[in-house]
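Subject: Structure handover

Hello,

Here is the structure I said I would pass on.

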Amino acid sequence: MGAAKPDSEIMDKVVNLCKRRGIIFQSADIYGGFRSTYDYGPIGSLMLRNVKDAWWKTMVQLRHDIVGLDASILSPPAVWEASGHLENFTDPLVDCKECNGRFREDQLEDPSTCPACGATNSFTEARAFNLMFKTHAGPVEGAGHAVYLRPETAQGMFTNFKLVLETSRKKPPFGIAQVGKSFRNEITPGNFVFRTREFEQMEMEYFVPPDQADMWYEYWCEERMNWYIDLGIPKDQLRLRPHDQDELSHYSSGTSDVEFLFPWGWGELEGVANRGDYDLRQHSEHSGEKLTYFDPELGEHYIPHVIEPAAGATRSMMAFLIAAYDEETVNDDLRTVLRFDPRIAPYKIAVLPLSKKETITPLANQVFDLVKGRWMADYDETQNIGKRYRRQDELGTPYCVTIDFDSLEDQAVTVRDRDTMEQDRISIDRLVEYLSDRLP
Ligand code: GAP
């Protein structure tokens with residue numbers, strides 16, 4: 001992957017590639033598209049799953065101090081009353097009196113000029129606009145039936161704290177992790193899947209003894225930066241930025257953002273927040289449940305403090321796409337290649353019979369059967385082999401396995417490396433071993 005360079009063209013190229021190759025589509029495309037809402041196609045759904053699986057593996061599978069959760073998306077107003085979202089989860093909304101355009105005041109380049117029609121001093125006073133989607137449960141609309149779509153997955157971890165503590169036999173420091181959809185009625189969604197109204201988050205709440213909070217905050221800032229680097233995002237396209245005092249959320253006593261150098265500048269991938277005892281205290285006061293941990297050594301109850309690394313799955317996927325995008329000239333031809341870490345790559349292997357002839361197909365199917373249980377593999381027998389290689393380069397497939405007429409004689413296949421384009425002739429009975437040395 002290349003050095004950090006904000007390239008304004010790269011965004012268009014990535015968006016086009018996403019549509020052309022079945023990675024991300026505009027939602028409801030056949031009806032003209034539903035603004036700022038996206039569907040993940042055959043390739044994109046594999047990739048998004050890989051991003052989430054990589055996070056889950058690091059945060060849950062490889063640790064004995066973190067357990068998983070899959071909480072509901074709908075929740076009653078009491079949860080959001082306690083969390084502070086009903087009162088505080090707002091953005092400052094202004095209307096242009098000339099063109100009726102609506103904007104987030106804090107995102108205007110010039111707060112006196114409308115970016116849509118150019119009118120000056122045409123904005124209304126800013127008013128607090130709550131970002132939560134509200135709906136109603138059951139057939140009767142009205143008071144007592146209101147429910148909200150969660151704007152973050154985090155609250156599920158706090159409302160289930162007591163049950164998880166009782167059932168998982170964990171004690172602080174320990175964490176609860178969750179991956180899932182969140183919804184925010186963003187005033188100005190945009191930049192492709194960077195800011196959408198429906199998106200996926202990967203959040204973990206780490207419950208610690210109060211006197212260890214600062215230490216664990218530093219620990220998680222470093223761990224989370226390293227996660228992106230380990231998965232192939234170049235160091236010089238990442239930074240950790242501590243929030244200024246006036247940027248802090250209503251619950252946070254310290255937050256640092258992991259930021260990626262997007263084509264338009266630095267943007268947040270993940271926030272690591274030191275939330276103190278805010279969440280458990282609030283839910284305890286509002287629900288009447290005791291949300292404390294009894295420390296048998298100290299002989300006392302305390303409310304654990306919380307360190308929260310909160311990442312966007314869909315937003316991170318976009319960063320992985322941009323960081324992996326590369327172009328090079330090969331034999332006077334432009335080759336586009338996504339240089340993904342194999343863990344992120346949608347397909348790990350493509351099985352490509354040189355011809356559709358019946359003589360080759362059975363052997364090609366045998367090769368597909370050899371690899372399919374272990375790795376996500378594509379099987380593609382249409383078009384000439386050069387075009388098929390280019391297609392797999394654009395999907396970021398690390399290895400192409402080609403079955404040709406000689407394969408029938410020598411029981412060997414050609415394995416092509418995505419990055420070097422070098423080819424090895426490998427006997428079929430050694431193929432799985434060869435790939436195992438190179439793929440997760
Ligand atoms: N529980 C804390 C929390 O939700 P956040 O910074 O608001 O913190 C965490 O969100 C992450 O979720 C962000 O860093 C971003 O990656 C992702 N995210 C937030 N709003 C988003 C949106 N409208 N579209 C896509 N991703 C979003």
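The notes below cover the ligand site and then some backbone details.

This is a predicted model, in which local features need pLDDT of at least 70, side-chain atom pairs count only at pLDDT 80 or more, and totals for chains, interfaces and linings use all residues. Residues are numbered from 1 along each chain as its sequence is written, and side-chain values use heavy atoms, with hydrogens and water left out.

Ligand site. The ligand has 21 residues around it, and E152, E186, T196, E203 and E268 come nearest (a residue is near if one of its heavy atoms lies within 4 Å). By class, the shell holds seven nonpolar, four polar and 10 charged residues; Gly counts as polar, and Asp, Glu, Lys and Arg count as charged. Its largest share, five residues, comes from β14 (strands are DSSP runs of E, at least two residues, numbered from the N terminus).

Polar contacts are pairs of N or O atoms within 3.5 Å. A polar side-chain atom of E203 is 2.5 Å from a ligand nitrogen atom, and a polar backbone atom of F194 is 3.4 Å from a nitrogen atom of the ligand. A ligand oxygen atom lies 3.1 Å from a polar backbone atom of G312. The protein buries 91% of the 560 Å² that the ligand exposes when taken alone (Shrake-Rupley method, 1.4 Å probe).

Backbone. The peptide bond between P172 and P173 is cis, with omega about 0 degrees. N331 has a positive phi, near 50 degrees, and is not a glycine. N331 sits in the loop between β18 (325-330) and β19 (333-338).

Regards

Technical notes
A polar contact is a pair of N or O atoms within 3.5 Å; within protein, one must be able to donate a hydrogen and the other to accept it, and residues adjacent in sequence count only if both atoms are side-chain atoms. Helices (H or I, at least four residues) and strands (E, at least two) are DSSP runs, numbered from the N terminus.
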